[in-house]
Amino acid sequence: MRCFQKIKCTLKCLLWVPAALCALYFTRPSMQSRTDVQTCTTWKAPILWEGMFDPEVYDQNHKKEGTSVALTVFAVGRYLDEYLETFLNSSEHHFMVGLPVSYYVFTDMPEKVLHIHLGPQRTLKMIKVQRHSRWQDISMMRMKAISDVIESDIRHHSTHVFCFDVDQVFTGRFGSEALGDSVALLHAYYYHLPKIFYTYDRNPKSKAYMENGDFYYHAAVFGGSWKSVKSLAEGCYQNIMEDKQNNVEALWHDESHLNKYLWLHKPSRVLSPEYCWDTHIGYRSDIQVTRLLWAPKQYDKLRTL
Ligand code: UDP
Ligand code: MN
């Protein structure tokens, strides 16, 4: 009799195994592990790599929460003809598909006709900006325009903002997993290097000066909630202007200021270089997908000074 009860008990326990596995499957966390790369910062922010997340879980949650995303991009001077349409057309296929997206295109030639077919719940506004004569100023002054448009428009319509360089092409999903309060991108050329190679601004006279840092972030992509992107853009702009008054310019312009700001205000989410890769780097086993690629640089042809 005792033996029979033992068997009954064992069978009962065995029955729980598939049920438990099933429950585990459906309630599994959206973050899974990758052992070949760093997936977490020292301040416990996730670093996003392919294989770590379930895109559908993120999409469903953001749809439920009513997330909407603004994308800012600048196409001033020759950058408009060279890059803008390819950037926007590729973004229509890959950037935050399924969520409402508002594009804010800053250009000195808003009258130029664009051939972009926008999907449902996706809109585009052209905003006229001055064409600064130096390319360094075109790049740096983006911070002021971004903070102004967040204040006047974006904060009333979108929960999040992503800011992009235009000389890039989306090639894979750049989705809601990338959204967070403050989002920064690991620079494809530096993520493998020891910190001594990071090209922070080392001039003590600049507001961007820093000796140590966490990572080398790439200014071609940053984002977050409208509030935190506004603070970042304002903070960087104030330091850029202070440098101008003191006749100094940071080594890598707005990127140096961005790195300083993100050292002092840690991002809550970090994107791996999958989110902005350069194929010239060649094969890397840790890059399993490329989501955004650098377009070919043509500084001689495109930059004015
Ligand atoms: N930009 C522009 N016109 C210019 C120079 C810069 O519209 O004449 C904008 C554009 O969005 C560009 C960004 O500023 O992607 C940063 O400049 P660039 O891409 O040349 O810098 P890099 O990525 O080479 O550091
Ligand atoms: Mn660029």
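How much space lies in the largest pocket? About 730 Å³, in what is a predicted model, where local features need pLDDT of at least 70, side-chain atom pairs count only at pLDDT 80 or more, and totals for chains, interfaces and linings use all residues. Residues are numbered from 1 along each chain as its sequence is written, and side-chain values use heavy atoms, with hydrogens and water left out.

**The largest pocket**
- A pocket here is an open set of points on a 1 Å grid over the protein atoms alone, where a 1.4 Å probe fits, with protein on both sides within 12 Å along at least five of seven lines; lining residues have an atom within 4 Å of a point.
- Lining the largest pocket are 30 residues, with W135, S139, D165, Y299 and R303 closest to its centre.
- By class, that lining splits into 14 nonpolar, seven polar and nine charged residues.

**Ligand 1**
- Ligand 1 sits in the largest pocket (more than half of its atoms lie within 2 Å of the grid points).
- Around ligand 1 there are 13 residues (a heavy atom within 4 Å), and F74, V76, Y79, K297 and Y299 come nearest.
- A polar backbone atom of F74 is 2.6 Å from an oxygen atom of ligand 1.
- From the side chains, an N or O atom of K297 is 2.8 Å from a ligand 1 oxygen, and a polar atom of D165 lies 3.1 Å from one.

**The second largest pocket**
- This one holds about 170 Å³ of space.
- Its lining has 13 residues, and Q38, W49, L186, Y191 and F215 lie nearest the centre.

Note on methods: Chains are lettered from A and ligands numbered from 1 in the order in which they are written. Grid points are joined across faces, edges and corners, and a volume is the space filled by probe spheres set on the points. Ala, Val, Leu, Ile, Met, Phe, Trp, Tyr, Cys and Pro count as nonpolar, Asp, Glu, Lys and Arg as charged, and the others, Gly among them, as polar. A polar contact is a pair of N or O atoms within 3.5 Å; within protein, one must be able to donate a hydrogen and the other to accept it, and residues adjacent in sequence count only if both atoms are side-chain atoms.
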